[in-house]
Amino acid sequence: MLINKPMIIAHRGAKGMAPENTLTAFRLGLTQGCEGIELDIHLTADEEIVVCHDMTLDRTTNGKGLIVEKSLSEIKTFDAGHWFDEEFKGETVPTLDEVFDLVPDNIMINVEVKYAYEGRIERKLVEFLRRRNRLSNVIVSSFDHKCVRRIKQMESEAKIGLLYQTALLDPTAYARSFDVEVYSLHPYFQMLDSEDVLKATESGLYVYPYTANEVKDLLMLTDFGVTGIITDFPGKLKALLQDRESL
């Protein structure tokens with residue numbers, strides 16, 4: 001019997017074991033055997049793309065305020081690791097360039113756009129992906145489906161994914177209703193069932209649910225036949241898949 005081996009995607013890096021969206025978290029995810037990483041981006045006041053989940057610096061750094069109101073140089077003065085654990089003191093908010101410098105070309109990167117900033121981040125991201133020559137191995141996803149549609153319209157080679165956390169009646173039909181090609185579905189894992197996955201994959205869509213961490217959920221999604229699993233613990237998923245393969 002063939003066993004599905006979903007792609008192991010490190011959520012904000014190995015978020016369960018290191019401060020999220022830092023170079024250390026991404027490095028740890030790679031060490032643990034991830035085949036893809038997921039990250040979030042925002043725009044600074046001087047229009048640089050930085051990797052951070054929230055619009056503000058408050059939760060994940062010792063800084064305060066909106067990212068879009070601060071320059072990159074100011075953001076770089078804040079500590080993005082100490083909040084997680086003393087051993088990570090000195091981590092900074094990385095730029096998207098720094099992450100792409102770290103991550104090998106054979107590792108898929110899922111860039112989530114948190115906010116469009118009146119379309120400015122879309123333009124900047126497309127320019128970035130062209131400059132880095134990484135359009136073929138990057139998926140741009142967002143809960144803002146108009147945003148990813150605009151990105152696809154700007155750059156036909158861009159791969160776009162639809163994030164959602166509701167039980168859509170027919171996710172495949174929704175994706176196929178777009179006037180541009182949708183590459184993948186990124187549902188909250190509890191909103192997914194095997195029928196959704198089968199219909200999507202048979203239609204040529206890739207399915208990357210987020211964020212599953214418990215063994216029972218990782219096994220369930222693997223049995224559903226998903227393309228990849230976004231998890232805070234890539235090492236755990238890798239070990240689980242290896243154990244299954246050895247049975």
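This is a predicted model: local features need pLDDT of at least 70, side-chain atom pairs count only at pLDDT 80 or more; totals for chains, interfaces and linings use all residues.
A search of the whole structure turns up 9 aromatic pairs.

**Stop one: Phe100 and Phe128.** Select these two and you'll see an edge-to-face pair, with 4.9 Å from centre to centre and 90 degrees between the planes. Now colour by secondary structure. Phe100 belongs to helix 3 (residues 96–102) and Phe128 to helix 4 (residues 120–132), so the pair links distant parts of the chain, 28 residues apart.

**Stop two: Tyr183 and Tyr206.** Move on to this pair, which is stacked: the centres sit 4.5 Å apart and the planes are 20 degrees from each other. Tyr183 is in the loop between helix 6 (171–176) and strand 7 (184–187), while Tyr206 is in strand 8 (residues 206–207), so the pair ties together parts 23 residues apart in sequence. Keep the surface on for this one. Tyr183 counts as buried because its relative accessibility is 18% and the cut-off is under 20%. Tyr206, at 34%, is partly exposed.

**Stop three: a cluster.** Select Phe143, Tyr188, Phe189 and Tyr210 together; they form one aromatic cluster.

**Last stop: Phe233 and Lys236.** What lies over the face of Phe233? Show the side chains and you'll find Lys236 there, 5.0 Å from the ring centre.

Note on methods: Residues are numbered from 1 along each chain as its sequence is written. Side-chain values use heavy atoms; hydrogens and water are left out. Rings of Phe, Tyr and Trp (its six-membered ring) pair if their centres lie within 6.5 Å; planes under 30 degrees apart count as stacked, over 60 as edge-to-face and the rest as tilted. Helices (H or I, at least four residues) and strands (E, at least two) are DSSP runs, numbered from the N terminus. Buried means under 20% relative accessible area, exposed over 50%, partly exposed in between (1.4 Å probe, protein chains only). A charge sits over a ring if NZ of Lys or CZ of Arg is within 6 Å of the ring centre and within 35 degrees of the ring normal.
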